[in-house]
Amino acid sequence: MRAHRRLRATTVLFYVWVVVYVVVSIFPLYWAINTSLKTHNEIIAWPPTWFPHDLTLANYYATFTEHEFGRNILNSLIVAGGTTFLALLLGSLAAYALARLRFPGKLAVMGLILMTSMFPSIAIVSPLFILLRKLHWLNTFQGLIVPYTSFALPLTIWILTSFFHEIPYELEEAALVDGATPFQALRLVILPLAAPGLVTAGLLVFIAAWNEFLFALNFTLDNTTRTVPVAIALFSRQFEVPWGELNAASVVVTLPLVLLVLIFQRRIITGLTAGAIKG
Amino acid sequence: MHTIRRIREYGLSQRQLAVVLLVPALFTILAIALYPLSQTFWLSLQDYNLKFAAQRKFVGLGNYVKLLQDEHFRAAFSHTLFFTIVSVSMEFVIGLAVALTIHRPFWGRGLVRAAVLVPWAIPTVISARMWEWMWNDQFGVINDILLRLHLIAKSQAWLGKPGTAMWAIIITDVWKTTPFMALLLLAGLQVIPEDLYESAMIDGAGAWQRFRHITLPLLRPAILVAIIFRTLDAFRVFDVVYVLTGGASDTETLVVLNQRVLFSFLEFGYGSAISAAIFLIIFIFSGMYMRILGLELEVK
């Protein structure tokens, strides 16, 4: 009887902890959605209202008209998409060599790649700025895509190498024995089997490029190339922060990301942890 | 075997093919990471303001001497250290609790696992601005909640005061990064063999004993990796501080200071010396950690 009661008490405590944690995790997003749907007068009312009393989409409208936030979303899609494409292309070639070929100096190459993954981006921001200025690449998409690719490659190569390792040699060999050309073997056997690895690495690269702030802040000059994080950080009108519009912009870019992460949660969890634990 | 035959069809040796495949990636890494790094060190030996480029001159270690005497640098160093130690400790304790929670099945676990990922999915700049609004001194919901709970007597300007601003930044950061810590620890938990727990239960070990003598020792490598990753990350904190305070109210960290010297003052010589110092500190950190980790693995 006493054991039973103690069990119930720990179960209750356990669920209290779980509920508190879940609420705290979700609350800021809820609060942004709540604020984004309020009128200006309700936003600056005290005490704050926990639900919008006069629902309005005016903030969303102003975000895309007055602040041209659509342009920033497009810029971010171009930069993150370009980075993902380049990193997967260069990364899968390198990973194939590291996983399948025997050559001297392999350990040194892997060490070099691992070492650069620890680079703080601040360490190279000054010479990179000078370099990009010389190339007239400031305020261009390639001025962000190329540095991002360089920073994304170590993780990409790391994940893809471990995925390529897991594809059995015999499958490739069997295809060749059956008369496939090496190119067909790559296209029909290896790439389909490596697809989960490409998706995992691609997602992580895309998210990292989408979120990057330090380079984007310093290498873009105006709204033609400013990415979402820069636009959000600099979001203002003269003398005041337009909280309703800012929160609307935040919600617009956050909801798709949250959905994406929830859909791919298993894949992201394995991708994030593969490099750290297995390696 | 087959690889050798296949490559022969291309007329390339295995070694040559490896070079062809590796060169694009390695060239990018060398050109956009390693070469600029060497340039950072070269710039750090010069007196070089972008606005007065003509007056550029070589000053040897002059910038580093200046660095050691710069009280802003010293202050930024101690803010960064404080931020790193406190936030990583809090993330570790909460992250471990979260990992242990979602490791075992219970009613509603799927929902909890999804909720845990929400802060991780939100870009740091955006989460910082969401929190900036919640910390707001006039209209912020945090003041509202604390007033309702009678924990404060009147609204506070959390981000405007030296005593509280750093804590507000730390709480915002802990909210954002605990999921990552939890995921790394969860991966570590998942590789602990289940039968160890079963035999311990048969031997009459209680929950605490199982945690103390099985979970903690076997989780050690995962704990080390998670703490290393997060420490290196926390030490170069930028986004959250830049958005919440811009470095005001005694919160300026090393990278925020570095950004200011480089892009507000355009002091590229002195600024590069700060960058180089940050790089060296992180390099030494990671070297030490690698050693610890290597020793750990050897002992196992």
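**Domains of chain A**

Start with the C-alpha atoms of chain A, over which the centres of domain 1 of chain A and domain 2 of chain A are separated by 34 Å. To colour them, select 2-56 for domain 1 and 68-278 for domain 2 of chain A, bounds that come from an automatic or database domain assignment. This is a predicted model, in which local features need pLDDT of at least 70 and side-chain atom pairs count only at pLDDT 80 or more, while totals for chains, interfaces and linings use all residues. Residues are numbered from 1 along each chain as its sequence is written, and chains are lettered from A and ligands numbered from 1 in the order in which they are written.

Next, show the contact between these two domains, to which domain 1 of chain A gives eight residues and domain 2 of chain A gives seven residues (in contact: C-beta atoms, placed from the backbone, within 7 Å). On the domain 1 side, helix H1 (2-36) and helix H2 (40-43) of chain A are the elements that give two or more residues, and H1(A) gives the most, with five residues (helices are DSSP runs of H or I, at least four residues, numbered from the N terminus).

Now select 2-43 and 66-299 of chain B, its domain 1 and domain 2, whose centres, taken over C-alpha atoms, are separated by 36 Å.

Finally, display both chains: 71 residues of chain B are in contact with 72 residues of chain A. Helix H2 (residues 14-43) of chain B supplies the largest share of the chain B side, 17 residues.
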